[in-house]
Amino acid sequence: MKDYKAIIIDDEAKIRKVLEIKLGKHCEGVEVVATAANITEAYQLIQKHQPDLIFLDISMPGGSGFDLLSRFEKINFEIIFVTGFDDYALDALKVSAVDYLLKPIITENLIKAVEKAKERIEDRNKIEKYHNLQHNLENIGNQSTKLVIPGLNSYGFVKVCDIIRCEGWEKYTKLYLNDGNCLVSSHNLGVFRDMLKSYDFYHTHKSHLINTKLISRYLKDGFVIMIDGSEVPVARRKREEFLREVVRKK
């Protein structure tokens, strides 16, 4: 079951708590990662957690829910408004909210709104994956291509040129990136070997795959030094081929 990250934004502590409890009991797969009492705090939490869904009060001291949304150049999360005033319904629809819930919150209405939000999130993800696939097909061999990397709990989007090397680790694969980060993918190394074979990657060893464009130097004792300073072994049986196919072509 996929977890949908949610943030609850309401100046009433009781409403925040009731919503969190109801979501936990009745809306499987929705994880409340944070709550906020005002739009300043909410803006920071949204930037930090990148939620799939927010529950947003409209009328709050210090700024309305609409004021919060106006701070975002692009809204890449779904919105369910929570309000005590039916008059806001039309305004909520104007900003493409999934739904709006009137206080006090009726459980049945909450469940319906969340199901609708899940459908919209999945539709958005499908469109994003389609555009990514289309770009990749048009740019085979181009390292600016962006790959979808299935992780342990989420999907990451990474440009090929940012992958320095891949290392097999038990059933998983560690991807070491240009920015110093390391992603752990649920795919084994063989999947990445096949995925990256058209992008100047070389399988130096049963546990190692390197981006040949990011080699710093090759040591004659059979190690490659990558641009991040990491040492990667080249299997003895592959050294002659590596010299011929990679080193002498540079």
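Student: What makes Tyr43, Phe72 and Phe77 one aromatic cluster, and how is the pair of Tyr43 and Phe72 described?

Tutor: In this predicted model, Tyr43, Phe72 and Phe77 form one aromatic cluster. The rings of Tyr43 and Phe72 have centres 5.0 Å apart, and rings count as a pair if their centres lie within 6.5 Å. Tyr43 and Phe72 therefore qualify as a pair.

Student: Why is the pair of Tyr43 and Phe72 called tilted?

Tutor: The planes of the two rings stand at 50°. Stacked planes would be under 30 degrees apart and edge-to-face planes over 60, so the pair of Tyr43 and Phe72 is tilted. Tyr43 belongs to helix 2 and Phe72 to the loop between helix 3 (65-69) and strand 4, so the pair ties together parts 29 residues apart in sequence.

Student: How do you know that the charged end of Arg71 sits over the ring of Tyr43?

Tutor: The charged end of Arg71 is 5.6 Å from the centre of that ring, and the distance limit is 6 Å. The charged end of Lys174 likewise sits over the ring of Trp169, 4.8 Å from its centre.

Student: What makes Tyr218 and Phe242 a tilted aromatic pair?

Tutor: Their ring centres are 5.3 Å apart and their planes make an angle of 55°. The distance is within 6.5 Å and the angle is between 30 and 60 degrees, so the pair is tilted. Tyr218 is in strand 13 (residues 215-219) and Phe242 in helix 7 (residues 239-247), 24 residues apart. Phe242 is buried, at 0% relative accessibility.

Student: Why is the contact of Asp10 with Lys103 called a salt bridge?

Tutor: The closest N and O atoms of Asp10 and Lys103 are 3.0 Å apart, and the limit is 4 Å; the pair therefore counts as a salt bridge. Asp10 lies in the loop between strand 1 (4-9) and helix 1 (13-26), and Lys103 in the loop between strand 5 (99-102) and helix 5 (107-138), 93 residues apart. Asp10 itself is buried, with a relative accessible area of 1%.

Student: What makes Arg120 and Glu78 a link between parts of the chain?

Tutor: Their side chains meet in a salt bridge at 3.0 Å, N to O. Arg120 is in helix 5 and Glu78 in strand 4 (residues 78-83), so the pair ties together parts 42 residues apart in sequence. At 30% relative accessibility Arg120 is partly exposed, whereas Glu78, at 8%, is buried.

Student: How are Glu108 and Lys112 placed in helix 5?

Tutor: They are 4 residues apart in helix 5, so about one helical turn separates them. Lys112 has a relative accessible area of 51%; exposed means over 50%, so Lys112 is exposed.

Student: Why does Arg165 count as buried?

Tutor: Arg165 has 9% relative accessibility, and the limit is 20%, so Arg165 is buried. Arg165 is placed in strand 8 (residues 163-169). Its side chain makes a polar contact of 3.1 Å with that of Glu167, and among the residues that Arg165 touches are Tyr176, His208 and Asp228.

Note on methods. Residues are numbered from 1 along each chain as its sequence is written. This is a predicted model: local features need pLDDT of at least 70, side-chain atom pairs count only at pLDDT 80 or more; totals for chains, interfaces and linings use all residues. Side-chain values use heavy atoms; hydrogens and water are left out. Helices (H or I, at least four residues) and strands (E, at least two) are DSSP runs, numbered from the N terminus. Buried means under 20% relative accessible area, exposed over 50%, partly exposed in between (1.4 Å probe, protein chains only). A polar contact is a pair of N or O atoms within 3.5 Å; within protein, one must be able to donate a hydrogen and the other to accept it, and residues adjacent in sequence count only if both atoms are side-chain atoms. Contact means heavy atoms within 4.5 Å. Rings of Phe, Tyr and Trp (its six-membered ring) pair if their centres lie within 6.5 Å; planes under 30 degrees apart count as stacked, over 60 as edge-to-face and the rest as tilted. A charge sits over a ring if NZ of Lys or CZ of Arg is within 6 Å of the ring centre and within 35 degrees of the ring normal. Lists of a residue's contacts leave out its neighbours within four places in sequence.
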